[in-house]
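Have a go at each task yourself before you read on.

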Amino acid sequence: MEHAMPYLFVAAAAFLATYLCVPIAKRLAQRWGAIDYPSKRRINTTPIPRLGGLAVFAGLCCALIVEIAGIKLLGWPPILIPHPSMSINYPLLGVAFLIVVATGAVDDVRSLSPKKKLLGQVLAACVAASAGLLIGRVVNPLVPGTEIDLGLIAYPITVIYLVAFTNIINLIDGLDGLAAGISGIASLSMFSFAVLSGRLDAATLSIALFGACLAFLRYNFHPATIFLGDSGSLLLGFGLGTISLLNVSRTAALTSLIIPLIVAGVPILDTLSAIVRRRRAHVSIGQADKGHIHHRLIQEGYDQRQAVLLIYGWCLLLSLGAVIINQVSVGPRIVIFLVLLACSALFATRLHLFEPVLRHHYNPKTKRDEIVTPEDPGFADEKRAAAEAHEERIERLGELLPGKGPHRSRDAHAREDD
């Protein structure tokens, strides 16, 4: 119990600070015009302020202050000690978090272009990598007892990893309480992994993030009175990515890299399906659509609360699976991973996550190529044309395969006549 006290105080500090700062974030959002107004793409039916990330960031900062005070005044064990195989500059890592929040906050207020927003994320990831948050070597799964030295490539790999983690939470932030709830579940799961592996820095950041998410849900669960905004969703994604890297040593085993991906499996699947369906529709990957998991659940007839709770359950199942994988031998690990993968694939298929919800359509009136949605009259025509083109490709492929062409068909008919 004595070892748990620092974590309880840190979580409580993050919770209280976030809870008290949300009203301030609301007022700032209203003053600066950071408001989400109802639109065709949005779920909300009333204007909602969207600078909630500032309150979450304040909660994390307050948690850090309480942790430092506890170390100096109460004799708590120091947490800013990286794994012996890593050398991390924690103040510089803090700067990376500040860059992410600032990028999101500016986007909430002024609506940055996708390129500028991505540039801010890359800058933050580069700062984090230069602070020492790197995986220098990975265990070679093909040759036991050997390692693969990543060398300089460790830097771009880390940057890509952090930027990807940052965006998976941003993309799934579409219903009241969804992103904050998923991040809370993921951070609590990562906290358990960090405690078991003795990574105090990762454990403290995890539990602080959990406390902040829990407090924010008080205002963000349906019906929400404030949204995370990009300031919050980018912060949560970047935080989870950082925790996952702090949880592994510089020489990372395959399991330690896969576990955080399982925990964040739902937003990862949502992001992957978005990329696939947009590529299938020949539209830009950055083109927003209404084919995300939460959109599909709403289309299936669930209300906001039901859809969010269902996704929470899915996340809890994956997190539980990750916990079990972390405790068993290689054989059961593979079996559990395949079961989780199959269940998620089944769910994704049931919701038609990979089917395009945007199509190109030539409008004879405007004489322009337009992007249409299922609500537009031209969508059905384009969907039918795509299905016919797909059938033609299958037929052509069948003709090219040995014994699958027209000759086989005639032979089969001849045998039937005999």
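**Exercise 1. Work out whether Tyr 302 is buried, exposed or partly exposed, and where it sits.**

Step 1: Keep in mind that this is a predicted model. Tyr 302 has a relative accessible area of 37%.

Step 2: Buried means under 20% and exposed means over 50%, so a value in between counts as partly exposed. Tyr 302 is therefore partly exposed.

Step 3: Now find Tyr 302 in the chain: look in the loop between α11 and α12.

Step 4: Leave out residues up to four places away in sequence, and Tyr 302 touches Leu 297, Ala 307 and Leu 310.

**Exercise 2. Compare two histidines with positive phi: where does His 282 lie, and where does His 352 lie?**

Step 1: Start with His 282, whose phi is near 60°, a positive value in a residue other than glycine. His 282 belongs to the loop between α10 (265–280) and α11 (293–299).

Step 2: With a relative accessible area of 64%, His 282 is exposed.

Step 3: Go on to His 352, whose phi is near 55°, again positive in a residue other than glycine. Its loop runs between α13 (330–350) and β6 (359–363).

Step 4: His 352 has a relative accessible area of 36%, so it counts as partly exposed.

**Exercise 3. Find out which residues Val 266 is in contact with, leaving aside its neighbours within four places in sequence.**

Step 1: Locate Val 266 in helix α10. Its relative accessible area is 0%, so Val 266 is buried.

Step 2: Set aside the neighbours within four places, and the contacts of Val 266 are Ile 172, Ile 293, Ile 311, Trp 314, Cys 315 and Leu 318.

Step 3: Val 266 and Ala 348 are 82 residues apart in sequence, yet their C-alpha atoms are 9.8 Å apart in space.

Step 4: Step back to the chain as a whole. Among contacts with a separation of 6 or more, 71% join residues 24 or more positions apart.

**Exercise 4. Check the span of helix α2 and say what covers its buried residues.**

Step 1: Helix α2 takes in residues 52–73, which is 22 residues. From first C-alpha to last, α2 reaches 32 Å, close to the 32 Å expected at 1.5 Å a residue.

Step 2: List the buried residues of α2: Gly 52, Gly 53, Ala 55, Val 56, Phe 57, Gly 59, Leu 60, Ala 63, Glu 67 and Gly 70.

Step 3: Their cover includes α1 (5–32), α3 (90–110), α7 (200–220) and α8 (229–246).

**Exercise 5. Describe how α7 and α8 pack: at roughly what angle do their axes cross?**

Step 1: Take α7 by itself. Its 21 residues should span 30 Å at 1.5 Å a residue, and its end C-alpha atoms are 29 Å apart, which agrees. As for burial, α7 is mostly covered, with 17 of its 21 residues buried.

Step 2: The axes of α7 and α8 come within 9 Å and cross at roughly 155°. That makes the two helices roughly antiparallel, and their crossing is left-handed.

Step 3: Sort the residues of the α7 and α8 contact by class, and you get eight nonpolar, three polar and one charged.

Step 4: Check the loop between α7 and α8, where Pro 223 lies. The peptide bond from His 222 to Pro 223 is cis, with omega near 0°.

Methods: Residues are numbered from 1 along each chain as its sequence is written. This is a predicted model: local features need pLDDT of at least 70, side-chain atom pairs count only at pLDDT 80 or more; totals for chains, interfaces and linings use all residues. Side-chain values use heavy atoms; hydrogens and water are left out. Helices (H or I, at least four residues) and strands (E, at least two) are DSSP runs, numbered from the N terminus. The expected span of a helix is 1.5 Å times one less than its number of residues. Buried means under 20% relative accessible area, exposed over 50%, partly exposed in between (1.4 Å probe, protein chains only). Contact means heavy atoms within 4.5 Å. Axes are lines fitted to C-alpha atoms, for helices over the stretch in contact, and angles run from 0 to 180 degrees between N-to-C directions. Angles under 35 degrees count as roughly parallel, over 145 as roughly antiparallel, 65 to 115 as roughly perpendicular and the rest as oblique. A crossing is left-handed if the near helix is turned anticlockwise from the far one by less than a right angle, and right-handed if clockwise. Ala, Val, Leu, Ile, Met, Phe, Trp, Tyr, Cys and Pro count as nonpolar, Asp, Glu, Lys and Arg as charged, and the others, Gly among them, as polar.
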